[in-house]
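Good morning, colleagues. Please have the sequence and the model in view while I go through the main features.

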Amino acid sequence: MHTEVIGFAQRGLLATGLMNPDVEEIAHVRNNQSIQEEPVSSNLTKVDYNLIFTDRDGNTRSLEEFKGKVIFLNFWATWCPPCIAEMPSIDSLHEEMGDEVAFVLLSFDDDFEKAKAFDKRKGYNLPIYAPASNLPQMFQSSALPTTYVIDAKGNLALTHKGMADYSDPEFKKFLESLK
């Protein structure tokens, strides 16, 4: 419960917008790359889809399954107050864009049952998973939460370490621009 109290307090900080990724700047850079003579793909990082995870029913899944869609990949844990703080905004984003964007919330709890119980208790019904393989080099982060956004062409569009308010309208526009 202590983690959730701290997470609740940190939600107030999220409301300021100071922690959000600068998606306007990212979009500006991507747009400038697309009008250059060189193809955009030469300046963007291609995603390593070799990430295997287990869903809440014990089925093995792969990031490869979502190839061709915009992917919102979030690393979190129930013991992480900033993760708990941003979870309501991720839930809101998922409710609004769930069919348009593939959501993969990878729990780093030692016991995946804790993550499933947290999701159920909060009434989120988010697509949560547990890692079932080593993380590809590009997804190795020492920070929780960490969020990666992958565009529909398989390029890494965003890496954000730390909490953010993902229900922000600018972030939704950013995701829509990646289709």
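Predicted model: local features only at pLDDT ≥ 70, side-chain atom pairs only at ≥ 80, totals over all residues.

**The disulfide and its surroundings**

The structure holds 1 disulfide, a term used here for a pair of cysteine sulfur atoms within 2.5 Å. In general terms, a disulfide is a covalent bond between the sulfur atoms of two cysteines. Here C80 and C83 form the link, with their sulfur atoms 2.4 Å apart. The angle about the S-S bond is 75°, and the link of C80 and C83 is right-handed. Both C80 and C83 are buried, where buried means under 20% relative accessible area, exposed means over 50%, and partly exposed lies in between, with a 1.4 Å probe and protein chains only.

Residues are numbered from 1 along each chain as its sequence is written, and side-chain values use heavy atoms, with hydrogens and water left out.

Helix α3 covers residues 81-97; helices (H or I, at least four residues) and strands (E, at least two) are DSSP runs, numbered from the N terminus. Its 17 residues reach 25 Å from the first C-alpha to the last, close to the 24 Å expected, the expected span being 1.5 Å times one less than the number of residues. A kink of about 35° lies at M87 in α3, shortly before the proline P88; the bend at a residue is the angle between axes fitted to the seven residues ending there and the seven starting there. Of the 17 residues of α3, 12 are buried, so the helix is largely enclosed by the rest of the structure. Among these buried residues are C83, E86, M87, D91 and H94.

Next, the sheet. What is the order of its strands? The open sheet of 7 strands runs β2-β1-β5-β4-β3-β6-β7, with mixed pairing; two strands pair if DSSP finds at least two bridges between them. β2 (60-62) and β7 (156-161) stand at the edges with a single partner strand each, so one side of each is left without a neighbour in the sheet. On average, neighbouring strands of this sheet are turned by 30° against each other, direction ignored.

V70 stands opposite V101 in β4, and F75 stands opposite T146 in β6. How many of the residues of β3 are buried? The count is 7 of 7. V70, F72, N74 and W76 cover one side, and I71, L73 and F75 the other.

F75 itself has 2% relative accessibility, and therefore counts as buried. Not counting residues up to four places away in sequence, F75 touches several residues, including C83, L106, F139 and Y148, contact meaning heavy atoms within 4.5 Å. F75 and Y148 are 73 residues apart in sequence and 8.6 Å apart in space, C-alpha to C-alpha.

Finally, the whole chain. Its secondary structure comes to 5 helices and 7 strands. Of the 179 residues, 47% count as buried. Among contacts between residues at least 6 apart in sequence, 70% join residues at least 24 apart.

Definitions and conventions:
Axes fitted to C-alpha atoms, helices over the stretch in contact; angles between N-to-C directions.
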